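Here is a walk through one protein structure, from a pocket to the nonpolar cores. Keep the 3D view open as you read.

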Amino acid sequence: MNILITGSNGQLGNEIKELSQNYSYNFFFTDRTNLDITSKDNIKSFCQINNINVVINCAAYTAVDKAESDIENADLVNRKAVKKLALVSQELDIKLIHVSTDYVFDGRNFKPYIEEFQTNPQGVYGKTKLDGENEMRDINPKNSIIIRTSWVYSSFGNNFVKTMLRLGKEKESLGVIFDQVGTPTYAKDLAKTILDILPKINNEKVEIYNYTNEGVLSWYDFAKEIMKMAKLNCKINPIETFQYPTPAIRPHFSLLNKSKIKSTFNIEIPYWKDSLAECLKTMGEKK
């Protein structure tokens with residue numbers, strides 16, 4: 001199986017790269033320097049030359065606040081590029097795995113979101129990600145899926161865990177939001193799940209699945225656990241969202257129900273604390 005990975009320098013792309021040696025697939029790792037996913041011709045010729053069977057789209061415009069003023073570029077990567085990938089996948093009979101986000105929901109729910117729940121994005125990032133999902137579903141390449149995830153972190157790239165570790169070493173105390181609730185996702189766990197379920201994906205219509213680690217917590221709880229595991233003496237104080245204003249609205253509740261992916265592919269999902277411990281160990285930060 002020949003697999004094209006787009007956005008391979010991001011958190012998820014890098015984790016797939018790390019895991020790739022454990023799988024008997026041929027991987028083609030690309031980024032914007034060697035494949036323009038906003039060009040259908042570029043995608044198509046790359047896929048034909050390399051006989052691609054599967055595309056895992058890890059490319060995304062993820063700067064949530066910047067997207068509010070950079071609508072054109074967010075739309076280009078999160079919607080238009082997904083449309084082009086879906087068109088090529090349909091024409092060449094390629095499996096497409098596309099990664100989306102909890103931001104497609106408004107965060108006003110009171111129980112975990114199932115895949116079919118009404119979407120209502122509150123900002124440009126969430127809207128462009130939902131638009132990308134809808135383009136893919138309209139084109140409907142066979143044997144293709146969308147995976148929605150949340151709060152992604154990794155030993156690669158910039159993320160909440162790395163920010164907390166840095167600030168925890170610099171400061172005596174930090175205010176962290178306690179009224180936004182969800183679940184972190186260790187990108188390595190998501191990468192492994194994608195690679196494990198690949199051969200089992202078999203559907204006529206594009207299916208949507210939720211994936212995060214197990215458990216539920218606030219950003220405050222997450223920060224407290226990071227400090228505890230890394231044995232940092234920085235005191236974490238709970239603050240409310242209004243005390244930390246940002247250009248984009250964050251969902252207050254973004255817990256995703258993962259029953260569908262677990263039952264369809266018979267997988268187990270690691271608990272968030274176990275995955276955090278593994279990530280910190282990889283980074284050499286767990287004390």
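Start with the second largest pocket, which holds about 160 Å³ of space. The model is predicted. Lining this pocket are Lys 188, Asp 189, Lys 192, Thr 193, Asp 196, Tyr 211, Ile 267, Glu 268, Pro 270 and Glu 278. By class, that lining has 6 charged, 3 nonpolar and 1 polar residues. Helix 7 (residues 187–197) gives the largest share of the lining, 5 residues.

The largest nonpolar core counts 28 residues. Ile 16, Ile 56, Ile 97 and Leu 198 have the most contacts inside this core. At least two core residues come from each of strand 1 (2–6), helix 1, strand 3 (54–57), strand 4 (95–101), strand 5 (145–149), helix 7 and helix 9 (259–265). Helix 7 supplies the largest share of this core, 5 residues.

Next, helix 1 (residues 11–19). Of its 9 residues, 7 are buried, so helix 1 is largely enclosed by the rest of the structure. The buried ones are Gln 11, Leu 12, Gly 13, Asn 14, Glu 15, Ile 16 and Leu 19.

Leaving aside residues up to four places away in sequence, Ile 16 touches Ile 5, Phe 27, Phe 29, Ile 56, Cys 58, Ala 191 and Leu 195.

Notes. Residues are numbered from 1 along each chain as its sequence is written. This is a predicted model: local features need pLDDT of at least 70, side-chain atom pairs count only at pLDDT 80 or more; totals for chains, interfaces and linings use all residues. Side-chain values use heavy atoms; hydrogens and water are left out. On a 1 Å grid over the protein atoms alone, a cavity is a set of points where a 1.4 Å probe fits but cannot get out, and a pocket is an open set with protein on both sides within 12 Å along at least five of seven lines; lining residues have an atom within 4 Å of a point. Grid points are joined across faces, edges and corners, and a volume is the space filled by probe spheres set on the points. Helices (H or I, at least four residues) and strands (E, at least two) are DSSP runs, numbered from the N terminus. Ala, Val, Leu, Ile, Met, Phe, Trp, Tyr, Cys and Pro count as nonpolar, Asp, Glu, Lys and Arg as charged, and the others, Gly among them, as polar. Buried means under 20% relative accessible area, exposed over 50%, partly exposed in between (1.4 Å probe, protein chains only). A nonpolar core is a set of buried Ala, Val, Leu, Ile, Met, Phe, Trp, Tyr and Cys residues joined through side-chain atoms within 4.5 Å. Contact means heavy atoms within 4.5 Å.
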